[in-house]
Amino acid sequence: TTFQDGGEEVEDGAVYNVTLKKVQIQQAANKGARWLGGEGDQLPPEHTVRQYETSKIRAIKAGTLEKLVENLLTAFGDADFSYISIFLATYRAFASPRAVLELLLDRFGNLETSSNGEVANLNSLESEMVLRAEIASVLRAWLDQCSEDFREPPDYMCLLKLLDYLKNNMPNSDMESRVQNLLKQFQNQEVEAVDGFYSTSSSGLVDGEELEISNPEEFSSFQDHVVAEQLTYMDVMLFRRVVPYHCLGSIWSQRDKKENKNLAPTIRATITQFNAVTKCVISTILGTRELKIQQRAKIIEKWINIAHECRILKNFSSLRAIISALQSNSIYRLKTTWMFVSKDVLLMYEELSEIFSDHDNYLTSRELLMKEATSKFANLDSSEKENQKKSQKRLQLQKNKGVMQGTVPYLGTFLTDLIMLDTALQDYVEGGLINFEKRRREFEVIAQIKLLQSSCNSYCLIPDQKFIQWFRRQRHLTEEESYKLSREAEAAADTNILSPKSQKSMVKRISTLFLGTDVFTPPKEQPPKGSPVGGSSGESTDSASVSSCEFNHSETEDVCVTPVSSPEDPLKKVQLRPLHAAGRPKTLAQGSCSDKGSSSKGSIFDPGSGSDSGSIPSRDSGSVPSSGPKVLPVYNRQSEGSCIIRVSMDGLQDSVYKSILITNQDRIPDVTQRALLKHNLEPDAVEDYELVQVISEDKELVFPRDANVFYGMNSHVNFDFILRKRA
């Protein structure tokens with residue numbers, strides 16, 4: 001089979017991509033086949049008659065909403081077999097369920113009016129049966145893949161409209177019974193806010209219980225694999241409930257608006273759980289002042305072992321949460337405590353950390369996730385013999401149970417990718433047509449999420465109520481508290497009875513491990529502006545970068561752990577920043593975790609970094625050429641006259657950045673206006689603001705009022721900008 005580009009076909013209200021498919025067909029006469037040495041009716045290759053058949057595949061590229069809905073009925077005839085799934089997974093970005101249902105049923109499904117010319121050749125009974133079958137196929141797929149679209153309490157208008165249509169056109173059908181059952185199911189279910197297993201209030205606790213700082217002895221009583229299994233159990237329950245279309249950049253990027261505080265609750269629940277794990281790690285290590293250095297080091301070792309167990313269970317969400325917490329400033333700065341962590345455990349920690357390296361847009365974690373997405377068990381490999389033996393032993397125990405495992409991803413990566421796509425591609429093309437090519441690109445990411453959700457059905461985990469109650473009871477430290485306790489713990493460690501000789505030996509061992517040299521350079525303490533610096537884990541993500549782990553949380557979900565690595569830091573330096581609700585992968589935090597002093601390249605969406613909202617110039621009215629650049633614009637690199645920059649607001653929101661696509665035609669007023677819109681501010685106040693590029697901690701580049709941003713910016717540093725009010 002070979003394919004050939006057939007160009008485009010333009011109709012009123014739609015543009016189609018045409019592909020010619022050439023298929024080789026082998027035919028042979030039945031008579032005489034055996035005489036020529038063939039088996040049955042098949043001729044041997046040398047006597048085969050070769051013929052070719054060419055068929056045309058039409059895939060809609062852009063169109064009006066009416067054309068896109070109509071294409072649901074004709075896609076199979078055009079050989080565009082994935083169209084229905086793509087449309088159902090992404091249409092919420094440009095239409096409501098009611099609008100699509102009304103078009104499908106009233107305009108195309110009304111057989112009495114359709115014969116007037118709305119749909120051709122419906123004058124015969126056969127045509128009516130074909131149309132009814134096509135509509136039934138679309139409705140069946142809709143109910144199978146996106147039944148949550150019809151959950152509209154308390155009226156359920158769409159479901160009632162669908163039921164009325166089925167009673168009139170398909171009475172007593174299986175479809176009618178199914179819709180009736182779905183309606184009863186929705187009506188009987190209590191409307192619950194999806195908040196997972198973690199609650200910041202005491203309402204989730206048993207009567208008489210209060211939030212408390214973890215007791216080290218109680219925490220130590222839980223076996224490492226039990227903790228990992230219970231974290232995985234909670235992550236699986238939440239990830240399976242994620243509604244895929246909530247991850248779309250155009251939807252997730254709107255979470256900051258006041259009217260959208262309840263937007264995408266399934267994603268917020270996942271992010272809340274991620275942050276709860278991160279905070280729990282920090283609280284167990286720092287929460288008890290009386291701990292000795294060795295005891296604190298043992299707790300760190302325990303969390304590293306738990307992270308390793310999460311790796312065996314293919315739970316990349318809790319794995320990243322734990323690593324992020326250990327890389328946070330408040331934990332990372334405990335240099336004396338880290339000296340007491342055994343060498344084997346430190347090597348294991350480094351190997352686990354490498355999984356989430358931001359190198360090459362988080363290529364390692366992406367490749368590993370896809371490799372293990374549908375595998376029965378984890379593919380473990382360690383450069384350390386002892387760790388390798390331990391890993392294989394634990395893995396063999398899992399295999400002996402005979403139960404396959406699913407895969408829980410770090411959701412931030414997908415959020416970043418989708419926000420990046422939303423930022424880089426326009427919603428509409430010339431003529432005001434909906435850009436459906438953008439939706440096809442988004443569906444590639446959505447399909448991965450659905451595949452992983454399906455794999456999670458393989459898990460067979462039983463909840464341990466003792467651990468879950470302990471986990472819920474934990475009182476999490478604030479950034480100020482964790483930083484203060486970290487300083488106290490380190491000060492106490494400095495007065496410990498370690499001899500200078502043993503200290504030197506320990507420092508040399510650690511530095512050799514991480515740097516390959518005999519010089520150990522502890523991270524510089526950087527007290528936060530106005531408050532102590534907290535640790536953060538993950539990568540900072542705005543909404544379009546893969547190297548940031550940004551999952552902005554709101555209010556109760558606002559702790560984002562974001563490691564910021566630099567050449568002089570042996571361990572990855574991380575800073576805890578408020579988690580907004582962006583969709584990139586800084587950590588699993590919902591927001592961008594980038595700040596003026598950090599330079600974390602990549603984010604959840606870079607397909608690894610995070611951009612908080614994705615929009616493009618002239619987002620709703622711009623035009624896109626029929627054949628755009630082969631390489632999408634990305635953060636930190638100018639390519640083919642465009643790039644993506646991160647813009648944060650000076651002042652209260654300086655910890656949240658937005659990813660903005662700029663071209664070589666954009667000047668300061670254009671970029672400023674888009675940045676204000678992204679931050680939900682009044683776009684008319686362009687003249688009141690100035691745009692500044694951050695060059696270093698003490699240097700910045702201020703642009704004149706009408707400068708060309710693309711050519712004026714410094715392309716040798718991070719593309720991080722600040723928008724501040726003019727003096």
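This short talk goes through one predicted protein model, from the whole chain down to a few side chains.

Some ground rules. Residues are numbered from 1 along each chain as its sequence is written, and side-chain values use heavy atoms, with hydrogens and water left out. As the model is predicted, local features need pLDDT of at least 70 and side-chain atom pairs count only at pLDDT 80 or more, while totals for chains, interfaces and linings use all residues.

The whole chain, then. The protein chain has 25 helices and 13 strands; these are DSSP runs numbered from the N terminus, helices being H or I with at least four residues and strands E with at least two. Of its 727 residues, 54% count as buried. Buried is under 20% relative accessible area, exposed is over 50%, and partly exposed is in between, with a 1.4 Å probe and protein chains only. Take the contacts (heavy atoms within 4.5 Å) with a separation of 6 or more: 75% of them come from residues 24 or more positions apart.

α7 runs over residues 174–188, which is 15 residues. From first C-alpha to last, α7 reaches 21 Å, close to the 21 Å expected at 1.5 Å a residue; the expected span is 1.5 Å times one less than the number of residues. Which residues of α7 are buried? They are M175, E176, V179, L182, L183 and F186. These cover an arc of only 125° around the axis, so they sit on the same side of α7. The arc is taken from the directions from the helix axis to the C-beta atoms. On the other side of α7, D174, N181, K184 and N188 are exposed. The cover over the buried residues includes α5 (125–146) and α6 (157–169).

Now the aromatic rings. Rings of Phe, Tyr and Trp (its six-membered ring) pair if their centres lie within 6.5 Å; planes under 30 degrees apart are stacked, over 60 edge-to-face, and the rest tilted. That rule gives 18 aromatic pairs. One of them is Y83 with F87, tilted, at 6.1 Å centre to centre and 35° between the planes. Y83 and F87 are four residues apart in helix α2 (residues 83–90), so about one helical turn separates them. Y83 is buried at 0% relative accessible area, and F87 is buried at 0%. W142 and F150 form a tilted pair, at 5.0 Å and 50°. Ring pairs link Y83, F87, Y91, F94, W142, F150 and F436 into a cluster.
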